[in-house]
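This report describes a set of features computed from a structure, and it asks the reader to keep the model in view while following them.

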Amino acid sequence: MTQPVLEKTPTTTALLEISDVSVEFGGPKRFTAVTHGISFSVAPGETVALVGESGSGKSVTAMAVLDLLPEGARRTGSIRLAGEELVGASERRMREVRGNDVAVIFQEPMTALNPVYTIGHHLVEAIRSHRDVDKAAARERAVELLRQVHMPDPEVKVGHYPHQLSGGQRQRAMIAMAMASEPQLLIADEPTTALDVTVQAEILDLVRELQQRTGMSVLVITHDMGVVADVADRVVVMRDGRVVEEAPAVELFARPRHEYTRALLDAVPRLGSGTTSSAVVDRDATPVLELSGVAIEYPGSFRRSGFRAGHDLDIRVAPGEIVGLVGESGSGKSTIGRLAMGLLPVAEGRMSIAGRDVSAGGKADLRHVREHVSMVFQDPASSLDPRRTIGQVVTDPLRWTGKLTDRKACRLRAEELLDQVRLPKAWVDRYPHELSGGQRQRVGIARAMATNPRLLVADEPTSALDVSVQAAVLDLFSDLQREFGFSCLFITHDLSVVEQLATSVVVLRSGRVVEQGTTARVLDAPQEDYTRRLIAAAPVPDPELQARRRSERLAG
Amino acid sequence: MRVLTRLRHALSPLRAVALAYVGLMLLVLLLAPVISPHDPLTQDVANRLQSPGLGTHLLGTDELGRDILSRVVHGARVELLIALGATLLAMVLGTLLGLLGGYFGGLVEVLTMRVLVDVLLAFPPIILVLLAVTLRGPGTATLIVAMGVLFAPTFARIAYGQVISVKRLEYVEAATAFGAPTRTRLLGVILPNISAPLIVQVSLTIATAILLESGLSYLGLGVVPPTPSWGSMVAQGQRYLSSDPHVLLVPGAFVVLTILAFGLVGDALRSGLDPKSRNQR
């Protein structure tokens, strides 16, 4: 692979030229602008990344190019594709543009593919819509396209339905569909957000390879600075519907000019920046959580046998220790969290919590678990009951276990808890939907703290949040841990978060422990191949380092 | 409160009129003896079959000289009492079955949703009520219980579907994780979150109940005469359709208006309680 051409100045020959584009949403009376006068361009063969946090207007801007805006939205300004003005173009012309000149891939391929048709059907449809070929020829071309996107066994996979493919394969199929028309421009809307890191790396490699072979331009929309560093030639940073900075990728990462870009880059947890964990660990004391030879099974019914999601697990969490559980989807990391919380039974082996064997899972055992273990869930938008005020939510654990029943005492405790997570006390009567994502997760943490737990299970608590918010929540989390000294089982797919927070790491794959040890040891000197691959695949916000790692990865 | 704002948005002029009508009907239900101008049972054969008009009988008299307005007012009372009672019973019964079946699944689901609900749905509604009336004899209590049981499956199905989708959500799992007892999870966490479609169904069921009760009374299987009921008034008025149509048309109009009003209020609730459909009219 050759090094990407990094310096490219936008010229009049730009393939896509967006100038002064605003997208407005409106009702019958007036329109409200969500983006304001966006201007940037994409040169032929160039990859431009549109970066920003949620609500920055990055997706809306990209969709404006294809006029794929939600109902009630309109675009103003000028969007020129190879010199042709698209704002005001007829619907018919836009359809041609979408089918031939510009292709799109979306974040979640499962929802973009029709579940009742095979991958081949999708492809044949796409091929025949812009090329006059018969079905057999189209099918041949479909297999050829699948081969180009490195789909394993393309002759077989062409007859598969979307649900029969893995997430990465589905995204490959989507890319194959996009490539069917040999587009000049590929718009990729968070193409790897739903994928595991190792798969993400493969997909990004593929996009890069196709681009070099066909010479198309790519417009990537992402919130992930690692992805930006990996693929982009030029970066457009957006915030609140405005472009705050535009620069070649290398320059942007080395010398960010705008304050917001700097803040965004600083907020990205970087692998290799050392640990900030200052947890005081007492390894000789009775462990807070001890799993020995544990197997976990999701119970089946009388027709179906159960599914085994964990095998032979040995994990210890000492008092005050933060253990990072890392692995890709399906590795069983969340399953272990649910086991520790008493939501799943121990199928085999022994689990003890704060010195008491709770493997039997009787009523008294569960009470013991609830008393000592608490949990922060992944998505605060769905883990907080929308019908309860946050004052109720944070004290629910106390009321439900009968520890606190008095109304007034509950309210006082709620205020105290909100104060601990640095939310205004007066918010006890607010509802979750009135809060932002980061604030909601603070409520989730406050709820977990309500019972003064010995062990906190945190299941990807920051993966649903924007990077800048994520950093603040992680800071809060470390502060609380220091202050209250609870142990923690921190479940995440993000190695840099683990490095920052955890004292030791457990790497999981397919329900088995691959490797465990202190954070420094596992991340700096991984013993297992899988751990090494995981570390290598994690994107870092540094284009030069990323390019070096790419060539190593492709060579190896 | 956002819910109130949304409900106000969902209220078109037509729906507002419907809501006002429903309010009026509920008032009539409470105040029937006070506001009805005459005794609904007093016969005055000398003044039989009077046309509506300004005078002592605003809406005229029937073939026995009874004041139609008074009969309509008292009929409304019986009608609404049965409809509300049956709907309330159906809601409690159905929601409970749906909650249990949806939450526990397995054998409980078979017992609640399959054995009780599906078997009930397999019976034609009229036949079921006829059966109850035949066994117990016509009367208000019989009708309430029979129609309550008859309408319960609809609520059960709605609740069941909602529970299935809500129980997998993280906040329900969170409730389990934080030690909420099963009763709290069902009634304190899940029920408030599935209540919107059930509330909508209440107003629609009331409309259906009024229609069914009128039908049964028309057939002589509903409220026992001489207690006035809209259905039986329509049945009696039938004989005088060509000469004195008001005897039939007045109670008939009330049946239609009331059903329409409850249906419209149901629509208003449906779009008002659904956060996704703002401003839909």
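Predicted model: local features only at pLDDT ≥ 70, side-chain atom pairs only at ≥ 80, totals over all residues.

In chain B, Leu24(B) belongs to helix α2, which spans residues 13-35. Leu24(B) also takes part in a nonpolar surface patch of about 590 Å², to which Leu27(B), Leu30(B), Leu31(B), Val34(B) and Ile35(B) contribute as well.

**Contact between the chains**

The size of an interface is often expressed as the accessible area that is lost when the parts come together. Between chain A and chain B this buried area is about 1800 Å², with carbon and sulfur atoms giving 61% of it. On the side of chain A, 36% of the area buried against chain B is supplied by Phe377(A), Arg387(A) and Trp400(A), which is more than any other three residues supply. In terms of contacts, 22 residues of chain A meet 18 residues of chain B. The two chains have 1 salt bridge between them. A salt bridge links Arg338(A) to Glu173(B), where the closest N and O atoms are 2.6 Å apart.

**Aromatic pairs**

A pair of aromatic rings is described by two quantities, the distance of the centres and the angle of the planes. Over all chains, a search of the whole structure finds 4 aromatic pairs, and the table gives the geometry for two pairs of rings.

| Pair | Distance of centres | Angle of planes | Class |
|---|---|---|---|
| Phe477(A) and Phe490(A) | 5.6 Å | 75° | edge-to-face |
| Tyr103(B) and Phe104(B) | 5.2 Å | 90° | edge-to-face |

Because Phe477(A) lies in helix α18 (residues 467-484) of chain A, whereas Phe490(A) lies in strand β19 (residues 487-492) of chain A, their pair ties together parts that are 13 residues apart in sequence. Phe477(A) and Phe490(A) are both buried, and together with Phe486(A) they form one aromatic cluster.

For the pair in chain B, the rings of Tyr103(B) and Phe104(B) have their planes at 90°, and the pair is therefore edge-to-face, a class that requires an angle over 60 degrees. Which class of accessibility does Tyr103(B) fall into? With a relative accessibility of 15%, Tyr103(B) counts as buried, since the cut-off is 20%. Phe104(B), by contrast, has a relative accessible area of 43% and is partly exposed.

How values were computed:
Residues numbered from 1 in each chain as written. Chains lettered and ligands numbered in written order. Heavy atoms only, no water. Phe/Tyr/Trp six-rings, centres within 6.5 Å; stacked < 30°, edge-to-face > 60°. Helix = DSSP H or I, 4+ residues; strand = E, 2+ residues; numbered from the N terminus. Buried < 20%, exposed > 50% of the residue type's maximum accessible area, 1.4 Å probe, protein only. Patch = residues over 30% accessible without salt bridge, like charges linked within 9 Å, V, L, I, M, F, W, Y side chains within 5 Å. Areas by Shrake-Rupley, 256 points an atom, 1.4 Å probe, with all protein chains shown as cover. Salt bridge = Lys/Arg side-chain N within 4 Å of Asp/Glu carboxyl O. Contact = heavy atoms within 4.5 Å. Buried area = accessible area lost by both parts, 1.4 Å probe.
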